[in-house]
Amino acid sequence: VRLHLPRSRGLLLRHFRSEQSAIGKLSQPERLRLACEELGPTFIKLGQLAASRTQTLPREFTEELAKLQDQVAPAPFADIRRVLEEELKRPLTEVFTLLEAEPLGSASIAQVHRAALRDGQQVVVKVQRPGVKEVMDVDLDILRQLAAFAEEHLDGWKQHRPLAIVNELARNLEKELDFTREAAHLERFSWQFAGEPAIHLPQVHHGLTTTRVLTMEFVDAIKASKLEALAEAQLDRAEIARRIADLVMKQIFTHGFFHADPHPGNIHILPGNRICFLDFGLMGFVDQRTREAFADL
C-alpha cells in the first residue's frame, strides 16, 4: 500500500480460485513458505534468512520457514539428469551404478541425490537447479528497483539501506552458484581441521565436480535440529553443543575462515558426537588484526 503499486484487479484471485479452498485451510506461516517456494530461488533464500531470525519472528513462522533449508519442492529428476550429463560430458551409466531419483534434500539453488560410483564408493551429488542463475538475475533486478524506490520515497527506509542489502545478497548468491568454489572452500576447511577428532568433513571427488555439480563422500548423519533422533541414537546433546561452540570459535579466532551459513540443515551429527558441516558455498574471512581486536574486546 505504501509503495502505491497498481491493484491486480482480482487477477491473482481468479487464477487461484480453484485452489482457494485448500489454501484457506493452511496457516499463515505455511502460506508464506509456499509463496517463497513459488516465487523461486531468490525468495527461498530470503525465507531461509528469515528462519534464522528467531528473536524477531514468531516461532511458528521460523519453524515453517526452516523447511526451506532442505525441504523445497524438488526439480523433476529428468531435468537433473540433463544437467549432470551436460556437466560430466558422458553417459551417467559410465559414472554411477546407482543414482537415486528421490533427493536427500532440496533447497533454493540445488538438490542432493545419493549415488554409488562404479568402484563402489557411496557419494552424494549436489546438482544445481536448471535455469536458477537466470531466474535469480531477474529476481534481483526487481528487488533492486523496489529497494531503490523504497530508499527514495519511503520515510525512514534510507537509513536501513535496502539497496545495499540486496546488493550484498546478490554477491553472496553469485558465490554460491559456483560449486568449484565450494569444493575449494571445503578442502581448505578440511585442511585447517586436520587431526581434529570432534569433526568429520566429506571428501570431494574432483573429477566429478564442475561449476554446477559437486560430488562428495556420502555421510550418514543426523541433522542437528532432530533432537529426538539424537536422543534415540544415544548422542550427548550437551557435548554436541560444546563441540559446535568450540569449533565455531576455532574457525573465527584460530583460522580466520568460517562457515557463514550454519543453519541446522548444514550441521549434522555422527556417532561419537562428531560434527559434520555441510554446504561450503558461503564462507567468511577474518584477518589477523580483526581477530586480535575481537580477542581484546
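## The loop at N273

N273 sits in the loop that links β8 and β9 (helices, H or I, of at least four residues and strands, E, of at least two are DSSP runs numbered from the N terminus). Before we go further, a word on the source: this is a predicted model, in which local features need pLDDT of at least 70 and side-chain atom pairs count only at pLDDT 80 or more, while totals for chains, interfaces and linings use all residues. Residues are numbered from 1 along each chain as its sequence is written, and side-chain values use heavy atoms, with hydrogens and water left out.

Is N273 buried or exposed? Its relative accessibility is 14%, so N273 counts as buried (buried means under 20% relative accessible area, exposed over 50%, and partly exposed in between, with a 1.4 Å probe and protein chains only). Leaving aside residues up to four places away in sequence, N273 touches A198, L235, D236, E239, I240 and R243 (a contact means heavy atoms within 4.5 Å). L173, by comparison, is 100 residues from N273 in sequence, and their C-alpha atoms are 32 Å apart.

The backbone here deserves a look too. N273 is not a glycine, yet it has a positive phi of about 60 degrees. In the β8 and β9 hairpin, with three residues between the strands, G272 also takes a positive phi, near 80 degrees.

## The sheet around it

Which strands make up the open sheet, and in what order? The sheet has three strands in the order β6-β8-β9, with antiparallel pairing (two strands pair if DSSP finds at least two bridges between them). Its edge strands are β6 (222-223) and β9 (274-277), each of which pairs on one side only.

Strand β8 covers residues 267-270 and is joined to β6 by two bridges, the two strands running antiparallel. Here K223 stands opposite H268 of β8. On the other pairing, β8 and β9 run antiparallel and are joined by four bridges. The bridge partner of H268 in β9 is C276, and that of I269 is I275. Both faces of β8 are covered: I267 and I269 are buried on one side, and H268 and L270 are buried on the other.

P264 belongs to the loop between β7 (257-259) and β8. With 31% relative accessibility, P264 counts as partly exposed. Not counting residues up to four places away in sequence, P264 touches Q69, K223, A224 and S225, and K223 is the β6 residue that stands opposite H268.

Q234 lies in the loop between α10 (227-232) and α11 (237-255). Q234 is exposed, with a relative accessible area of 74%. Although Q234 is not a glycine, its phi is positive, at about 55 degrees.

## The chain as a whole

Stepping back, the secondary structure amounts to twelve helices and ten strands. The chain has a radius of gyration of 21 Å, close to the 19 Å from the globule rule for 297 residues, so it is as compact as a globular protein of that length (the radius is taken over C-alpha atoms, and the rule is 2.2 Å times the number of residues to the power 0.38). Along the principal axes, the C-alpha atoms fill a box of roughly 60 × 55 × 40 Å.

Of the 297 residues, 40% are buried. Among contacts between residues at least 6 apart in sequence, 61% join residues at least 24 apart. The accessible surface comes to about 17,400 Å², and 54% of it belongs to carbon and sulfur atoms (areas come from the Shrake-Rupley method with a 1.4 Å probe; for residues, only the protein chains shown count as cover).

How far apart are the mean positions of the positive and negative charges? For the 38 positive and 42 negative charges, the mean positions are 4 Å apart. Lys and Arg count as positive and Asp and Glu as negative, while His and the chain ends are not counted; each charge is placed at NZ of Lys, CZ of Arg, CG of Asp or CD of Glu.
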